Amino acid sequence: MKNTVRLGIFIVLLCIIWYLLKDHVQGGFFGFFSLLITFSSIVMGFVIFLENRHPTQTLTWLVVFGAFPLLGFIFYLLFGRNYRKEKMYRKKYFLDKQAFLKIEGERDVSEEKLNEIGEHNRKLFHLAQKLGNSPISFATETKVLTNGDETFSHILESLKNAKHHIHIQYYIVRDDHIGREIKSILIDRAKNGVKVRFLYDAVGSWTLPKAYIKDLRNAGVEVAPFGPVKLPFLNNKFNFRNHRKIIVIDGDIGFVGGLNIGDEYLGRSKSFGFWRDTHLMAKGEAVRSLQLIFLQDWYYSTNHSFLTDEYLSPSLSLEHKHGGVQMIAGGPDNEWSVIKDIFFSMITSAKESVWIASPYFIPDEDIFQALKVAALSGVDVRLLVPQNPDKWIVWHASRSYFPDLLEAGVRIFAYKRGFLHSKIVIIDKELASIGTSNMDMRSFHLNFEVNAFLYKTNSTKKLVQDYLDDLKEAQELYIDSFNKRHIGIKLLESFCRLLSPLL
């Protein structure tokens with residue numbers, strides 16, 4: 001029935017287009033091309049309307065198509081087509097869910113430990129398990145790694161000590177000093193019998209030379225791109241990227257967080273200077289969740305599955321004294337906006353404070369309202385963002401949200417020392433999230449992401465202290481002075497915000 005209706009609509013549209021075009025051919029090639037683009041935009045606008053997207057996103061696309069037909073046409077080809085998202089990733093979603101329920105569903109969590117975290121936090125972790133299929137672990141030790149030097153020193157040491165396998169997955173991999181150092185270690189480990197699998201995002205790492213990949217493969221490293229795109233303008237996968245940063249070593253040690261592989265993450269870029277970022281090292285039970293996330297992404301990319309005890313039996317010798325840890329993956333393959341929904345629950349359940357750090361802040365309406373309501377309710381809501389941009393459109397769009405937040409009582413701080421890239425949420429100084437997800441619509445709805453959720457761990461305390469230290473390097477924004485910015489800047493921010501559902 002649905003196919004018949006779609007076919008009928010398509011035939012009607014073709015008839016309308018032909019009727020209108022046949023009398024305008026005398027305008028020559030350019031007239032014909034202009035009219036064709038215009039009607040293509042109308043057709044695409046009609047398709048978007050039938051998709052029942054969020055009203056804000058629908059209206060944004062319709063405005064763009066109406067005001068800028070050619071620009072809208074290009075933007076839509078690059079970023080707009082999500083009508084096949086469900087079909088494209090349906091198989092991956094069900095296979096991932098089946099694997100998690102089979103393997104992670106066997107993890108036992110004592111009632112005593114669940115009672116310790118409190119009823120409202122217990123509901124949150126239940127929500128996270130329901131959406132992400134991964135239960136909370138009380139047998140995982142974590143350590144916050146502050147900035148590039150500490151992060152990469154731990155990563156390099158752990159890679160060198162790998163005995164059985166290395167699984168490594170990144171959005172961006174560069175062929176620079178740190179990239180070549182990691183490549184050298186992977187090659188060495190592979191030549192010494194360690195199984196090494198290397199997964200990179202095809203768009204995020206599009207500048208990675210073929211020689212880099214060839215060197216790895218020649219040494220015995222298995223290499224695969226996630227979501228390769230041969231014709232970007234004609235391929236739906238271009239818009240859905242794997243933004244995850246995961247390393248799993250011997251099934252016992254895991255890394256997750258904000259840093260990609262590149263010299264700029266070590267503060268070696270002249271453009272950005274000091275790079276403020278946060279990563280997490282984990283040991284124990286929850287590493288199995290990271291392993292599963294990697295293995296399922298690997299299976300999607302290569303059609304090779306490794307769901308065996310060889311890779312899914314982490315060390316469980318740790319005592320249950322490290323607080324709660326939960327590794328949660330989100331992405332366009334899921335029927336829910338997993339990480340966004342968990343963030344929303346965290347914000348609305350806060351009793352005392354909500355502290356957020358994000359390099360890209362473009363909230364959807366749910367998160368935007370939750371932050372304002374929390375602040376109006378007397379909760380200490382703070383937002384830490386970069387003072388200097390690396391993406392101008394995103395930066396200006398982000399600042400368009402500030403006046404309403406400031407009016408509601410949200411305290412906003414602009415980080416001045418270099419570039420802020422940490423992705424942190426801290427609730428009531430006892431519950432925290434650290435991972436790859438930004439507080440923006442792309443991370444919520446389009447990217448494959450992974451976050452670690454921590455409850456009453458030593459790492460939570462460290463994140464609180466680091467956040468307070470970061471505020472010392474930031475300038476607080478106030479509503480009176482912020483509203484005095486030039487009218488041209490305000491117009492630019494409003495225009496960029498108009499595009500925010502597309503970013």
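Which residues of helix α10 (residues 210–218) are buried? Before getting to that, a word on what you're looking at. This is a predicted model, where local features need pLDDT of at least 70, side-chain atom pairs count only at pLDDT 80 or more, and totals for chains, interfaces and linings use all residues. Residues are numbered from 1 along each chain as its sequence is written, and side-chain values use heavy atoms, with hydrogens and water left out.

Back to α10: the buried ones are Y212, I213 and L216. Buried here means under 20% relative accessible area, exposed means over 50%, and partly exposed is in between, with a 1.4 Å probe and protein chains only. Helices (H or I, at least four residues) and strands (E, at least two) are DSSP runs, numbered from the N terminus. Look down the axis of α10 and its buried residues fall within an arc of 95°, so they line one face of the helix; that arc is taken from the directions from the helix axis to the C-beta atoms. An α-helix has 3.6 residues a turn, so residues three or four places apart point the same way. Over on the other side of α10, K210, K214 and N218 are exposed. The cover on the buried residues includes α9 (177–191), β3 (195–201) and β4 (222–226). Just after the helix, G220 takes a positive phi of about 105°.

N147, in helix α8 (residues 147–160), has a phi near 70°, and N147 is buried at a relative accessible area of 16%. D250 sits in the loop between β5 (246–249) and β6 (253–257); its phi is about 55°, and at 22% relative accessibility D250 counts as partly exposed.

Now for a spot in strand β1 (residues 140–146), where you'll find T142. At 13% relative accessibility, T142 counts as buried. Its side chain makes a polar contact of 2.7 Å with the side chain of S459 (a pair of N or O atoms within 3.5 Å; within protein, one must be able to donate a hydrogen and the other to accept it, and residues adjacent in sequence count only if both atoms are side-chain atoms). Setting aside neighbours within four places in sequence, T142 is in contact (heavy atoms within 4.5 Å) with residues including L280, M281, V325 and L454.

Strand β12 (residues 380–386) is mostly covered, with six of its seven residues buried. Strands pair if DSSP finds at least two bridges between them. β12 pairs in the parallel sense with strand β10 (residues 353–357) over five bridges, and A357 stands opposite L384 there. β12 also pairs in the parallel sense with strand β13 (residues 411–415), over five bridges; R382 has R411 as its bridge partner in β13.

The structure holds five cavities of 30 Å³ or more. On a 1 Å grid over the protein atoms alone, a cavity is a set of points where a 1.4 Å probe fits but cannot get out, and lining residues have an atom within 4 Å of a point. Grid points are joined across faces, edges and corners, and a volume is the space filled by probe spheres set on the points. The largest cavity holds about 150 Å³. Of the 15 residues lining the largest cavity, D96, F100, A329, D333 and N334 lie nearest its centre. The elements giving two or more residues to that lining are α5 (85–103), α7 (119–132), α11 (287–302) and β9 (324–330), and α5 gives the most, with four residues.

Note on methods: On a 1 Å grid over the protein atoms alone, a cavity is a set of points where a 1.4 Å probe fits but cannot get out, and a pocket is an open set with protein on both sides within 12 Å along at least five of seven lines; lining residues have an atom within 4 Å of a point.
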